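Hi everyone, thanks for coming.

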Amino acid sequence: MDGLKGNMKQSLQFRLSLWLAAVITGIALLAGVFSFATAFQDANELQDDLLRQIAILADHHYLEAAPSEAAVGSAEVDPDARVILQVLQAPNLAAA
């Protein structure tokens with residue numbers, strides 16, 4: 001009888017461990033999906049805000065002159081944050 005109780009106890013421990021591992025894995029997956037979705041949404045909002053600001057500048061035809069070489073080299077201007085906006089002329093379709 002002692003061997004039967006030992007097998008039952010081991011089986012219960014195994015099932016409990018299996019359930020706990022499944023629950024922890026499920027919660028970790030949900031947290032990962034939530035974290036990804038939140039970060040993805042924040043990145044999209046940041047890009048949308050930047051594009052809105054550029055559109056406002058283009059709409060009002062307010063284009064600043066390019067910064068001088070001295071200003072570009074300073075610590076105040078981040079070269080990765082610069083946006084270059086070029087206004088293109090509409091193609092002449094009458095010539096075709």
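Predicted model: local features only at pLDDT ≥ 70, side-chain atom pairs only at ≥ 80, totals over all residues.

As for the surface, the chain exposes about 9200 Å², and carbon and sulfur atoms supply 65% of that.

Okay, what does the secondary structure come to? Two helices and zero strands.

Now let's zoom in on the aromatic rings. The structure holds one aromatic pair. The partners are Phe36 and Phe40, and their rings are stacked, at 5.8 Å centre to centre with 20° between the planes. If you wonder why I quote two values, a pair of aromatic rings is described by the distance of the centres and the angle of the planes. And why "stacked"? Because planes under 30 degrees apart get that label, and here the angle is 20°.

So where do these two sit along the chain? Both are in helix H1, which covers residues 2-59, and because they are four residues apart there, about one helical turn separates them.

Are they buried or exposed? Phe36 is exposed, with 58% relative accessible area. Phe40 comes in at 48%, so Phe40 counts as partly exposed.

One last stop: the surface. Leu16, Leu20 and Ile24 together make a nonpolar patch there, about 320 Å² in area. Take Leu16 from that trio. Leu16 is found in helix H1, and with a relative accessible area of 55%, Leu16 is exposed.

Terms used: Residues numbered from 1 in each chain as written. Heavy atoms only, no water. Phe/Tyr/Trp six-rings, centres within 6.5 Å; stacked < 30°, edge-to-face > 60°. Buried < 20%, exposed > 50% of the residue type's maximum accessible area, 1.4 Å probe, protein only. Patch = residues over 30% accessible without salt bridge, like charges linked within 9 Å, V, L, I, M, F, W, Y side chains within 5 Å. Areas by Shrake-Rupley, 256 points an atom, 1.4 Å probe, with all protein chains shown as cover. Salt bridge = Lys/Arg side-chain N within 4 Å of Asp/Glu carboxyl O.
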